[in-house]
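Got a model open and wondering where the labels come from? Let's go through some of them and set each one against its cut-off.

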Amino acid sequence: MRIRVENLKIELSTERWASSSTLQPSIAPQSHLHCSLSMKWSAVCQPDILPRKILYWASLSTVALTLYTNSDMGSEQVPDSRSAVSMNVGIIGAGIAGLGAAVALTRAGHHVEIFEKSSFKNEIGAAILITPNATRILREWGFDFERAGPVDFKQFRFIKAHNGEVEHREDFSGVEQEFGSRMCAFSRVDLHRGIRELVEGLGIEIYLGAGAEDLDIETGIVDIKGQGKVKKDFWVLADGCHSRFVSSIAQENIPTHKVGKSVCRWLAPMSKVIEHPENASLWNNQPPGFCTFFNEKILLVTYPCRGGELLNCAVFHDTRPDEREKDGWHGETTHEKVLETLEGTSDGVRHLPMTVDQSNLRVYTVTQRPPSSTIHRGNFLCIGDTTHHMLPTHAQGGASSLEDAATLEIFFGPSFYSHNPENLEKRLDTYQKFRCPRSATTQILSSTFPHITMEGLAKKEEEIRSFYQGELVDWPKGCGPWSKEIRDFFYAFDVFEEAEKAMDAEYRGVSL
Ligand SMILES: Cc1cc2nc3c(=O)[nH]c(=O)nc-3n(C[C@H](O)[C@H](O)[C@H](O)COP(=O)(O)OP(=O)(O)OC[C@H]3O[C@@H](n4cnc5c(N)ncnc54)[C@H](O)[C@@H]3O)c2cc1C
């Protein structure tokens with residue numbers, strides 16, 4: 001028996017309304033306050049899928065939260081005609097997208113197994129910035145932030161590489177307050193381990209050394225190394241930007257192309273970075289965040305991670321002739337070559353690569369792919385970099401992968417889904433209509449950045465409009481990753497709330 005909720009009355013009392021920017025406009029800012037919100041919300045729901053924002057407000061501090069449903073108010077309860085039938089799900093790839101999908105679908109009540117090609121032994125990793133649209137997903141899942149050593153971003157500094165002079169500073173200290181979730185950097189190894197621990201905590205099996213070698217869309221069978229032919233009700237393809245399967249799902253050849261830039265990257269011990277006096281004055285007693293050095297040839301992006309112990313360094317430069325054939329993420333390079341790319345920069349900047357052993361320097365050649373409008377076929381769905389491989393300019397690739405995953409939790413949760421092949425196909429179609437406009441827009445916005453590539457700028461808006469009709473930032477603000485408009489577009493997005501609205505619309509017969 002479920003309750004059909006037509007009107008949900010929520011009564012909250014808290015001491016911290018004054019600091020809740022989301023609610024402030026509608027209530028008087030005073031320290032003790034009782035308020036009532038009446039929301040029109042018609043969906044068949046369970047308490048665990050109440051709009052997350054309400055639950056977040058409730059988690060802010062001392063809050064009394066009382067929910068009145070229409071049953072309390074005398075309405076009749078209606079029997080649920082849909083029985084929740086769970087699926088056997090196979091996930092190909094255990095990156096951020098695959099692990100996230102496993103957490104989401106298990107929380108939605110399905111039985112999940114992950115098949116990963118690698119053995120996870122070669123994780124050298126660099127760092128990754130996770131913006132509020134994605135940290136709110138991790139928080140919802142119970143991710144252990146403190147164990148993963150987050151560094152909260154408080155500022156962005158754009159610095160002349162030849163003399164260390166700060167040209168521009170952007171204050172990020174209000175981001176958590178404004179968007180209701182943290183913006184933090186992690187070492188990739190720490191983030192991956194944290195999500196993996198969530199997966200293991202849910203009892204999900206990860207098969208390592210189990211690469212998918214072939215798939216049959218008609219039968220839903222995947223040939224997996226060491227496992228043979230595996231059949232599942234639903235397959236999630238999260239095999240990353242070099243996916244061998246994406247073209248058979250999209251039924252078009254979507255080439256990944258090199259943009260002419262490469263990135264030398266390493267994780268520098270902060271204690272060694274600040275041994276150089278120029279660096280000590282830049283990093284000591286400063287709020288953490290981006291310190292990005294530039295000249296006409298390079299962009300050196302740095303930010304601290306692992307609780308401030310390490311400084312992530314990434315030098316974007318024109319691809320050198322000897323880097324043109326490098327395809328992977330772990331290409332080798334040398335101190336000499338990195339110093340050549342840093343020619344003309346200050347001594348403090350040139351000190352950075354010297355803080356690590358040469359074996360820890362890596363080079364990666366930057367690639368991107370245009371968006372695809374088809375992301376599912378048969379019982380297969382592509383998520384993450386498999387379908388929206390983008391440039392790292394706006395720090396949104398991992399965040400989009402987590403948004404993809406979180407959508408699965410709502411779309412395939414017991415309140416909105418019961419399994420049979422026909423329902424699956426329809427739901428995957430809705431998933432595509434829901435996710436593609438946002439992920440394609442994110443991909444296209446990420447494809448321009450002044451120091452990396454401005455290729456095709458004039459056509460960007462037209463390109464976006466073929467996927468997305470909603471509000472859009474003006475150009476050229478769209479290529480400034482840290483502008484207020486861009487932050488609003490990316491960080492304010494609450495995927496759980498939006499996915500619930502999409503399901504609600506579907507039940508009311510409104511097409512997306
Ligand atoms: C330089 C750089 C900086 C970035 N910075 C940020 C940032 O700050 N913030 C952000 O949000 N994003 C950032 N990104 C993007 C982000 O790293 C990616 O979008 C994200 O890691 C994609 O995750 P994924 O799980 O889709 O793919 P992947 O991480 O590539 O995972 C794919 C997995 O599938 C496995 N696999 C491959 N083939 C098979 C097969 N046949 N069978 C089984 N398993 C297979 C692989 O071994 C791998 O484990 C950055 C990217 C780059 C390149």
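Predicted model: local features only at pLDDT ≥ 70, side-chain atom pairs only at ≥ 80, totals over all residues.

Q: What about Cys-264: buried or exposed?
A: Its relative accessibility is 1%. The cut-off for buried is under 20%, so Cys-264 counts as buried too.

Q: How do you know whether Cys-291 is bonded to another cysteine sulfur?
A: Look at the closest one, which sits in Cys-313: the two sulfurs are 9.9 Å apart. A disulfide needs them within 2.5 Å, so that's too far for a bond. For the model as a whole, the disulfide count comes to zero.

Q: What makes Phe-143 and Phe-186 an aromatic pair, and of which type?
A: The ring centres are 5.8 Å apart, and the limit is within 6.5 Å, so they pair. Their planes make an angle of 85°; over 60 degrees counts as edge-to-face, so that's the label. Both residues are buried, and the model's count of aromatic pairs is 21.

Q: Why say that the Phe-143 and Phe-186 pair ties parts together?
A: Because Phe-143 is in the loop between helix H3 (132–140) and strand S7 (151–152), while Phe-186 belongs to strand S10, the pair ties together parts 43 residues apart in sequence.

Q: Why is the pair of Phe-416 and Tyr-507 given its type?
A: Its planes are 35° apart, with 6.0 Å centre to centre. Under 30 degrees would be stacked and over 60 edge-to-face, so this pair falls in the rest and is called tilted. It links distant parts of the chain, 91 residues apart: Phe-416 in the loop between helix H12 (397–411) and H13, Tyr-507 in helix H16.

Q: How do Phe-416 and Tyr-507 come out on accessibility?
A: Phe-416 is at 4%, so it counts as buried. Tyr-507 is at 42%, which lies between the 20% and 50% cut-offs, so the label is partly exposed.

Q: What makes strand S6 (residues 127–130) covered on its faces?
A: Ala-127 and Leu-129 are buried on one side, and Ile-128 and Ile-130 are buried on the other.

Q: How do you know that S6 and strand S10 (residues 184–187) pair?
A: There are four bridges between them, and at least two are needed, so they count as paired, in the antiparallel sense. Ile-128 stands opposite Phe-186 in S10.

Q: Which strands are the edges of the open sheet, and what makes them edges?
A: The sheet has eight strands in the order S9-S8-S17-S18-S19-S16-S21-S20, with mixed pairing. Strand S9 (166–171) and strand S20 (331–332) each pair on one side only, and that makes them the edges. Inside it, S18 (residues 299–305) and S19 (residues 310–318) run antiparallel, joined by seven bridges, with Tyr-303 opposite Asn-312. Tyr-303 also belongs to a ring cluster with Phe-153, Phe-156, Phe-158, Phe-290 and Phe-294.

Q: What makes up the lining of the second largest pocket?
A: The pocket's volume is about 500 Å³. It has 17 lining residues, and those closest to its centre are Arg-438, Tyr-468, Gly-470, Phe-493 and Glu-498. The lining divides into nine nonpolar, two polar and six charged residues. Helix H13 (421–446) gives the most, with four residues.

Methods: Residues numbered from 1 in each chain as written. Heavy atoms only, no water. Buried < 20%, exposed > 50% of the residue type's maximum accessible area, 1.4 Å probe, protein only. 1 Å grid on protein atoms, 1.4 Å probe; cavity = no way out; pocket = protein on both sides within 12 Å on 5 of 7 lines; lining within 4 Å. Points joined across faces, edges and corners; volume = space filled by probe spheres on them. Helix = DSSP H or I, 4+ residues; strand = E, 2+ residues; numbered from the N terminus. Nonpolar A, V, L, I, M, F, W, Y, C, P; charged D, E, K, R; others polar.
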